[in-house]
Amino acid sequence: MEASRRNVQSAGQRVGMKKTEKTDKKRSKPDEEEEEDQFFDLNNKAVEEDEDDKDLSDSEDSVYSGLEDSGSDSDDEIVEEEEEEEEEEEEAEEEEEEEAEEEEEEDGSNADEDEEDQSEQSTVKKSKKKEGAVVEKEMKKDDEYDHDTSDEEDIRNTVGNIPMEWYKDFPHVGYDLDGKKIFKPIRNKDELDDFLEKMENPDYWKTVHDKKTASDIVLSDEQIELVKRLQRGQFGDVNFNEYEPTVEFFSKDVMIHPVTNRPADKRSFIPSLIEKEKVSKLVHAIKMGWIKPRRVEDDSRGRFYDLWASESSSILAKHKMHLPAPKIPLPGHEESYNPPPEYMFTDEERALWEQQDPSDRRLPFVPRKYPGLRQVPAFSRFIHERFERCLDLYLCPRQRKMRVNVNPEDLIPKLPKPKDLQPFPTTQSLVYRGHSGLVRSISVSPSGQWLVSGSDDGSVRLWEVCSSRCMKTVQVGGAVKSVAWNPNPSLCLVAVAVDSVVLILSPALADKQVVSSSERVLTAKEEEGPSEGSQPVVWSETEGEELNQGIRLKIQHPKPVHQVTWHSKGDYLASVMPEHSSHLQVFIHQLSRRRSQNPFRRNKGLVQAVAFHPIRPYFFVATQRSVRIYNLVKQEMTKKLQANSKWISSIAVHSGGDHVICGSYDCKLSWFDLDLSTKPYKMLRHHKKAVRSVAYHRGYPLFASASDDGSVIVCHGTVYNDLLQNPLIVPVKVLRGHAITHDLGVLDVTFHPTQPWVFSSGADATIRLFT
């Protein structure tokens, strides 16, 4: 017994030695072979489990087949090594059986049981291993992807659908199925190499670069044809018929073999208990009055109906201005898209139809023949046009118009012809040149012999009217905003506004008697009145060079002066200093006493211009939107004129004193009749740009307006003594000659005191005389 046990142990040790040698051999193999051994061990285990449980599903078979197919190209070598190992194990088992038989003979009956156990174990092992090997061979042979014809993309690179820019800093572009790196090819192609390859390689045009595998692929003819078909918008398969008849799987006909043979649900033929409970609750709520049944809606609300079907004579009696909807006449043969030949126009009829007035034509269209109704141009918009017509009839209010047969010519006022309104200036006679800057203001002496002008070049020039000769130039050292000649014929004085100073000049261009009287007025002593604190205006006499130039007095103002104007008697002078935040905007100066006063204590708006009434003690103050008239004796406002314009730029008073004209920056000229209304009697919109200046003539019924459009418009304005007759205003002449400079045209205009002449000064540094 002991000898038999020793023999068994020695045999087991030999087998163990062989197994250790085999394991050492396996360990010496690469890591990939170890993974494959483990993989096949899993398969062996799976086969052993199949013997115990033979209910193997199809899904498990597909899983195993997929796992075997995903192996590498070295599967055949691994299978051979496994077969060799199995043969060696069988040989070792046979040797063990022989030794066991010898031990049985020696030991006799005591070893029978052990021998039978060992033989059964060995046979079971052999059968299991053989069956596992056979299954593995069958699985290797039956590869379901060998004959795969699907158009799958190349999966050599397993990185997936990711941007290949992530690998631009690495030497490889991805990994293959074995997990090895796919290295980039050594290619340093520049543009020159690309060009040479383009010239030399005949297959360059069909070579495509694959970013995933970093290789160039030459497309086959079939692939090129496929790309061309896809670019043309065709299907990739040539034999595909896109117009095949559809197969009606679900139709009204009962099919012998239904698409789905799913048995009907139980709930489809058994009443629902949940619904029964809900219905019982609703019935109970209706019985209790908690739920009221819905009202039956009138179907007429949602239907189309005829708007005028219910019209009758009773409606006409209720509404006097009711108008029935116009009825469209039924179409005739000429309106057909295929009219008979006798309704078609001949060339003569078509020419006559085109010459006629649209209201005199028998037909509002020319009959034409079309091959079909859809070819008619109005067909595409026909429904929309009818719908718009119905909307017009339905929504637009209609009212009966009471027509009056009036001749349109009778509505136009009958104005006299301009030839009957002469004299007025028509042509340009003289141009006064000498200023280098824009001429802002001009004024004429009472005798009409001299003209004074002030410019931005800092000079005041005195001109002789008839010869356009510059008699004298006075440098005042600043831009001249306004000049005004004293209207009193017995005085020869000029007021000049420069910055915040008003200068009184004595040009000495008159008789000795007039000059001496002017000197007496200027040398009058200043009266000492009651001092009311510091006076805002300071009077001072000039000395030295200024006195030699003719500047006799200086009136210093607190702010820049924009306008100066004289009273008709020549002793009072008004100056304007526009400013929003101050009430010191207007000053009235008395020259003989050298006194100044501010007539207003409150700010009534931004003052633009002022003017004295020629006869009465009235003072006109023009702000941006209105003209206020003050009585200087009563010291109160008598009237306020609304100009309705933005903004007033200038003002002029008629020599009679009952009419005022205002120019505004919104291209309007407003004529006010003081006896009629505070609103404009006439609004003239003849200019295209801002009106800068307006002026009345002293003797003739003329007034003029100057604008930035470079024109001077002369109008005839007759004022009648009869208060019941309105003034006659007729535009007679448009005078042009000034050049527009820096968007500025004519800046000032004034009339000659005795002749129907007009002077204008512009931004082109010239003064022009129109006679």
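Is Met 255 buried, partly exposed or exposed?

1. Met 255 is partly exposed, because its relative accessibility is 41%, and the cut-offs put buried under 20% and exposed over 50%. Please keep in mind, here and below, that this is a predicted model. Met 255 sits in the loop between α7 (221-231) and α8 (273-288).

2. Met 255 also belongs to a nonpolar patch on the surface, together with Val 247, Phe 249, Phe 250 and Val 259. The accessible area of these residues together is about 560 Å².

3. On charged pairs: side chains of opposite charge can pair when their charged atoms come close. Over the whole structure, the search returns 16 salt bridges. A few of them are taken up in the next points.

4. Asp 708 and Arg 692 form a salt bridge through their side chains, with an N to O distance of 3.0 Å. Arg 692, at 27%, is partly exposed.

5. Some salt bridges share partners: Arg 262, Asp 265 and Arg 267 are joined in this way into one network.

6. In the salt bridge between Lys 668 and Asp 666, the closest N and O atoms are 3.8 Å apart. How do the two residues fall against the 20% cut-off for buried? Lys 668 has 17% relative accessibility, so it counts as buried. Asp 666 has 26%, so it counts as partly exposed.

7. Glu 225 pairs with Arg 232 in a salt bridge whose closest N and O atoms are 4.0 Å apart. The criterion asks for a nitrogen within 4 Å of a carboxyl oxygen. Glu 225 is partly exposed, because its relative accessibility is 39%.

8. How many disulfides does the structure hold? The number is zero.

How values were computed
Residues numbered from 1 in each chain as written. Predicted model: local features only at pLDDT ≥ 70, side-chain atom pairs only at ≥ 80, totals over all residues. Heavy atoms only, no water. Disulfide = S-S within 2.5 Å. Buried < 20%, exposed > 50% of the residue type's maximum accessible area, 1.4 Å probe, protein only. Patch = residues over 30% accessible without salt bridge, like charges linked within 9 Å, V, L, I, M, F, W, Y side chains within 5 Å. Areas by Shrake-Rupley, 256 points an atom, 1.4 Å probe, with all protein chains shown as cover. Helix = DSSP H or I, 4+ residues; strand = E, 2+ residues; numbered from the N terminus.
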